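Thank you all for making the time this morning. I would like to walk through one structure with you, starting with its sheets and then turning to its rings and its nonpolar cores.

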Amino acid sequence: MKRIFTISGLVLFCFFFINAAFAQNTTVKGRVTDATTGETLIGVSVSVKGTTQGTQTDVNGGYSIAAPSTATLTFTYIGYAAQDVAVGGRNNIDVKLQAKASELQQVVVIGYGTQRKIDNTGSVGSVKGAEIAKQASTNPLSALQGKVAGVNIINSGSPGSSPQVSIRGLGTVYGNVSPLFVVDGVWYSDVSFLNNNDIENITILKDASSTAIYGIRAANGVVLITTKHGAKGKPVINYNGYAGWQSVTNQVKMANATQYATAINELYAENNITPPLFSNPASYGTGTDWYGQILQNGFVTNHQLSISGGTDKYTYNYSGGYLDQDGIVKTNNYKRYTVHLSNDFTPVKILKIGFNANGLFSNSRDINGGIFHQMFGAAPTLPVHYNTGAYGDPADYHTGDGNNYNPQATMDFFNQKSLNHRLTGDVHAELAILKNLKFRTSFGGDLGQAEFRNFTPIYTATLAQKSAVTNLDVNHTETRNWIWENTLTYDYQIKDHKLTALAGYSAQNNRTTEMDAHAQGVPDATSGNLHTSFPGSVTPTYFPDPGLQLHTRALSQFARVNYSFQDKYLLNASIRHDGASQFYGNNTTYGYFPSVGAGWVITNEQFMKGQHLFDNLKLRGSWGKVGNSVVPLNPSVQTVAADPYLTAIFGNPQQPYQGASINSVVPPFIVWEKAVSSDFGIEAAFLGSRLSIEADYYNRTTQDAIFAIPILASVGTNSGSIIGNQATIGNKGFEFLLTWKDRASKDFSYSISANLGVNNNKVLSVITGQNPIYSGGNGIANGQLATRTVVGEPIGEFYGYKVIGIFQTAAEVAASNQKTALPGDFIYQDTNGDGTISTKDRVVLGNPNPKIGYGFNIAATYKNFDLALDFQGVADVSVYNANIAYRFGNENFTQDFYTHRWHGAGTSNTYPSVNVGSNANAAPNSFYVESGAYFRMRNAQLGYTLPGNTLNSLGVHKIRLYANAQNAINIFGYKGFTPEVGGGVGNMGIDANVYPLYATYNFGVNVTF
């Protein structure tokens, strides 16, 4: 009996031990992704079913939770079907969530809050931070290229530079053309301080219904950026780094030394100069390849380390980044250090407080702004150095003043360094006053200090390139901006009615000061000259410019109401009341900016319940008014100028007295420009929401646009015009987005997305009539202007003579309307038929504003492999190739021009002779206007994630290896480096030796602990 009792007791003890063992918690880790696209999902709620224990996925989609081995984990996320997964004794569980049938349930970021996509009545584009982080772009805005319809981005190849961004075309001539950037609720004019890996989401607000809540800064659209925050859970450490190189794409081929010498001899003959400059062109061979001498494959490396996590009471996300980028020009380098700090605290249930901070420190070694023109124009007959080690001197070859430079000497003796310090961020608090009523306050700022110091030593490189005295130039700019905003938000829902009401108050203060100074005779020391004050032994000269000491303030009140009935009928209305100090003193200091939007979700109607064609179908429309307060500051203040030519001599004894004059007439006041726009859109989803379509039509009109007003010459001013609010500018067009997402099998999923934007830009009216604004003198050697802005035409169109052929013989010249021309010169069209060629014969040559922009994006995952391909392009756009005639003497020619040039009767009827730089031939004309259309593989990335089971033993959650190529394939017909040419309004699209783009190839690794 004892034996039976003993055995029974032992069995019961074993069962108890086994049960206790199984009931013990174990740590379960994993990663949550979208079942279709494979993208990581951030903020997914992970809980132990039947308990209050839970966590959220981090910025990499990872989670860690303690749970019994017999428990069930529940995964929930907005817009996705909830999923229960049994632990089953496992330590690693990766989950793929399936998107709900309705894409409209997703949440989008809007001004001062978030909103379900189903409730949104405006035109909004969104890009996830994970897509931005995959790009090798050093600026997050560059990574948006080709991602959102209607957003035009023009990049520069200069390290550390910011791209030009425009949304739905240009709406101003003299005002700011860039959108407003709002990062974590704080307003900025650029986002160069952000690291791509610190971004969680970017939202682009395109129509006035979406942007009107931002009032006077929203005329050009609004870009909302949300940075990463921490999530509840154990600390997650993530490292992302890559290294690679950047190389020039589509390098322009120049004539070699023999060809150059031949061409210059032809130029001498054209101008009846004897003897020829080069007695034996063939003796020079290929000569110096100046592009090969100055350009390089630049090394680039980027690293970012972050840690995030939190508890019920607080969350955190800290990161630091380092970028080292060599330019494609030797000696050009840019280094950037970034810091991102984010904390959120919940001391009590009804109160949340937190802060976001971003720090930037960058330094760069700059290049001479004219170096690309020098590489283009330098004579290939000139050696870099003589055998003695001295620089090759153009004076020894008598090539004249046009290219009297040695580019290598320019590089070697140009010593300029730039520094930039910037601190941005905000502190905020949110109080739940009642169950549905929240008060939020935030105070944000932008503190910046930028400077550059240029030092020129005493040196002699060539006859023209020398300095007999040292020079030190210093520029120092400080930015001190702050914004304080307070909002009340009320959410109310009863049965079929949903209402969200917002009321807010905002105060802003922006101050920028700039100082320029110069000194000679500064001791020739080391780099200390570039980063210290002027030595006490020299007396600097300061150049204050009142226009660079800017101080503006704004005061605003705003309100918005969002209403939904049965998720079928939607209404959005907002109004903002803004006051701006730059318009103080007249009745236009304050302005009102209203908007209204409506939507109809047709698939939620009862009569649609039985159909199987549409998973979602929604119509929406909006109207609104926004402003552009960033216009020429205080132009209504009359100024008096003192000039030497006004000097008079009188008195006894006679003495010179310098006089003064009113050289310009200003309008009585300038007010902000106003953009009124309407938008009509449709959103639809088919085939189980695998296929989705969005289409928009928009019409935006800028009222009170600042435009030139002609004045009589008898007034006695230097300028023949003044500016005032007197024009109307229109932009209208279509946008389309087509997306297909599918999971073909357990191991393979993919998504394909295509977007298209079509925009038509036009000056609709000007009060003073057909008075044009001529601009575009950049790179035009004879002082003429290549662009025109006038009623009925787009802003900054190319304008000049139409070339209809090339004069072949002197007899043709004698019989023409161009009696002073030479054989080999352009034949211009006599447009008005008056028998002479004059400025009245000029015609429209092209449009630098892209009419069509498009993007094509593919993402796929197969088992542990992932692939992302981004394609992008523009069409129906022109570029002005000013490089060809950007000549002052004996500059070099491109290989293309040399091969196709006119050099005798019958040799060419399209290309002129080498005398292309003469005044008549260099005048803006159709020969220099080329198609700016291009198609590019913007980015390609192939990644592989190591199996999780292999890594768990190492304490590593994830290791992903990837290879990336950016701008590797470029297809275009333009004869320059790149047709992607920016510039200010009026100079847009003029290529006068811009810093070209490059291809980037890198290899990287992402490690999560």
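Which residue in strand 50 does V879 stand opposite? Before I answer, please keep in mind that this is a predicted model, in which local features need pLDDT of at least 70 and side-chain atom pairs count only at pLDDT 80 or more, while totals for chains, interfaces and linings use all residues. Residues are numbered from 1 along each chain as its sequence is written, and side-chain values use heavy atoms, with hydrogens and water left out.

The residue opposite V879 is E930. Strand 49, residues 878–881, and strand 50 run antiparallel and are joined by three bridges; strands here are DSSP runs of E with at least two residues, numbered from the N terminus, and two of them pair if DSSP finds at least two bridges between them. These strands belong to an open sheet of three, in the order 50-49-53, whose pairing is mixed. Strand 50 (929–931) and strand 53 (990–991) are its edge strands, each pairing on one side only.

Another open sheet has four strands, ordered 41-42-43-46, and its pairing is antiparallel. At its edges are strand 41 (773–775) and strand 46 (843–846), each of which pairs on one side only. From one strand to the next the twist averages 45°, where axes are lines fitted to C-alpha atoms and angles run from 0 to 180 degrees between N-to-C directions. Strand 41 is joined to strand 42, residues 787–789, by three bridges, and S775 stands opposite T787 in strand 42.

Further along, strand 51 (residues 934–945) and strand 52 (residues 958–972) pair in the antiparallel sense over 11 bridges, with Q966 in strand 52 as the bridge partner of N939. Strand 52 is also joined by nine bridges to strand 54 (residues 998–1008), again antiparallel, and there F1003 is the bridge partner of A963.

Now to the rings. The search of the whole structure finds 41 aromatic pairs, a pair being rings of Phe, Tyr or Trp (its six-membered ring) with centres within 6.5 Å, called stacked if the planes are under 30 degrees apart, edge-to-face if over 60, and tilted for the rest. F565 and Y569 have ring centres 6.2 Å apart and planes at 10°, so this pair is stacked. Y886 and F888, by contrast, are edge-to-face, at 5.9 Å centre to centre and 65° between the planes. F888 is exposed, at 54% relative accessible area, where exposed means over 50%, buried under 20%, and partly exposed in between, with a 1.4 Å probe and protein chains only.

One aromatic cluster includes F798, Y801, F893 and F897. The charged end of R887 sits over the ring of F893, 3.9 Å from its centre, the criterion being NZ of Lys or CZ of Arg within 6 Å of the ring centre and within 35 degrees of the ring normal.

Lastly, the cores, each a set of buried Ala, Val, Leu, Ile, Met, Phe, Trp, Tyr and Cys residues joined through side-chain atoms within 4.5 Å. The largest has 42 residues, and L144 is among those with the most contacts inside it. A second, separate core of 37 residues includes F897, the residue we met in the aromatic cluster.
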